[in-house]
Amino acid sequence: MREISLIKPGKLGSYVYFRLSKRNYNTLDAISAVGRVIGVDQNEIGFAGSKDRNAVTEQVCSMKAKYAPRLAGVALMGITIQILGYGHDPVTLGDLEGNNFEIIVRKMDEEGVVPRSVMVNYFDEQRFSESNVEVGKLLVRKDFVGAARLLDDGRCRTYLGEYPTDGVGALRLVPKRLLRLYVNAFQSALWNQAVGKYIQKDRAVDRQQQYSQGTLLFFNDVSDLMDLRLPLPGFTWDSTDMPAEYKLMMEDLLLGQGITAADFVIKAIPEISAEGESRSVITPILDLRLGQFQADELNIGFKKVTLSFRLGKGCYATMAIRQMVG
């Protein structure tokens, strides 16, 4: 997967831009590893979007230009650094147009792929991991001790051993953007559920698929919804235009979790309070190319095929595969 960056490196500037190529790391783990090697806090490394651990990926990152000499000498298994140039602004979340993907799908037969030009823009498993949603839910419910205990973080465990009731103190040892990721995962799981129900209200479900957060609903024809955007739950979502039916569906889901939208204001750790930004319900699958079916050397008797395509930022290639491959 290669990121389509909006950053235009030049010869001068207070920030150095570099291409981070990685394998067997997610983005946060990769920049943390780079930061440790060169003695820079990971919060000083900017990036535009999180990439999956289970993929070979390339993305543009930034840090203060004064660290460029140290950066050039980074040598880590599974990580390659290429300095691209300089500029006056750091890379921030959203500084990308989209991503190009090339994916080998295995254990196939030649009837198993249905090419599609659009897909329901659900969040996929990379967003949720093993316990991201549960940690996010505990943070929104203000159960800070519970959230800290659920994290697989030695710093939190050590701190809670000494101060067992100070969950906020333990959580402040964790990078803020990681804590915000947990809250975002909780928002995303609720959005997936509400969006599926909303689309289902006036069309038949073509196929269902179980995943870690319940059931994904897929539909044959959703192209008429291309202009529809629906908000994630958050403390500003009431100010966003949305269909009344969707609002009621989401409010019921929040009630079932024992919260309201106002609970996404987290005063004890305000940096992780979450707004209710809107997201496109349907997104195009661009430049789709289907390769030749070949014998799958890892699964005797089956075929493999390479799919390449482009998606906008924040969209999941694995979700496109789910909707094209039965």
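**Figure 1. Buried residues of helix α10 (residues 317-324).** In α10, the residues A317, M319, A320, I321, R322, Q323 and M324 are buried, where buried means under 20% relative accessible area, exposed means over 50%, and partly exposed lies in between (1.4 Å probe, protein chains only). Because seven of the eight residues of this helix are buried, α10 is largely enclosed by the rest of the structure. The structure is a predicted model, in which local features need pLDDT of at least 70 and side-chain atom pairs count only at pLDDT 80 or more, while totals for chains, interfaces and linings use all residues. Residues are numbered from 1 along each chain as its sequence is written, and side-chain values use heavy atoms, with hydrogens and water left out. Helices (H or I, at least four residues) and strands (E, at least two) are DSSP runs, numbered from the N terminus.

**Figure 2. Crossing of helices α8 (residues 176-200) and α9 (residues 244-256).** The two helix axes come within 10 Å and cross at roughly 140 degrees; axes are lines fitted to C-alpha atoms, for helices over the stretch in contact, and angles run from 0 to 180 degrees between N-to-C directions. At this angle α8 is oblique to α9, given that angles under 35 degrees count as roughly parallel, over 145 as roughly antiparallel, 65 to 115 as roughly perpendicular and the rest as oblique. The crossing of α8 and α9 is right-handed; a crossing is right-handed if the near helix is turned clockwise from the far one by less than a right angle, and left-handed if anticlockwise. On α8, the contact (heavy atoms within 4.5 Å) is made by L190, W191, Q193, A194, V195, K197 and Y198. The residues of α9 that take part are E245, Y246, M249, M250, L253 and L254. By class, this contact has 10 nonpolar, one polar and two charged residues. Here Ala, Val, Leu, Ile, Met, Phe, Trp, Tyr, Cys and Pro count as nonpolar, Asp, Glu, Lys and Arg as charged, and the others, Gly among them, as polar.

**Figure 3. Crossing of helices α4 (residues 132-140) and α8.** The axes of α4 and α8 come within 7 Å and cross at roughly 100 degrees. The two helices are therefore roughly perpendicular. Helix α4 contributes N132, V133, V135, G136, K137, L139 and V140 to the contact, and α8 contributes L179, L181, Y182, V183, A185, F186 and A189. By class, the contact of α4 with α8 has 11 nonpolar, two polar and one charged residues.

Figure 4. With a relative accessible area of 1%, S62 is buried. A polar atom of the S62 side chain lies 2.8 Å from the backbone nitrogen of V91. Residues up to four places away in sequence aside, S62 touches V16, Y17, F18, E44, I45, G46, P90 and V91. The C-alpha atoms of S62 and I83, which are 21 residues apart along the chain, are separated by 9.5 Å.

Figure 5. At 2% relative accessibility, D296 is buried. The D296 side chain makes a polar contact with the side chain of N299 at 2.8 Å, a polar contact being a pair of N or O atoms within 3.5 Å; within protein, one must be able to donate a hydrogen and the other to accept it, and residues adjacent in sequence count only if both atoms are side-chain atoms. The side chain of D296 also reaches the backbone nitrogen of L298, at 3.0 Å. Apart from neighbours within four places in sequence, D296 is in contact with R106, K107, F302, K303 and K304.

**Figure 6. D153 in the loop between α5 and α6 (154-162).** D153 counts as buried, at 13% relative accessibility. Its side chain is joined to that of R155 by a polar contact of 2.7 Å.

**Figure 7. Positive phi values at K142 and D287.** Most residues other than glycine have a negative phi. K142, found in the loop between α4 and α5 (144-150), has a positive phi near 70 degrees. At 30% relative accessibility, K142 is partly exposed. D287 lies in strand β13 (residues 286-290) and has a positive phi of about 55 degrees, although D287 is not a glycine. D287 is likewise partly exposed, at 46% relative accessibility.
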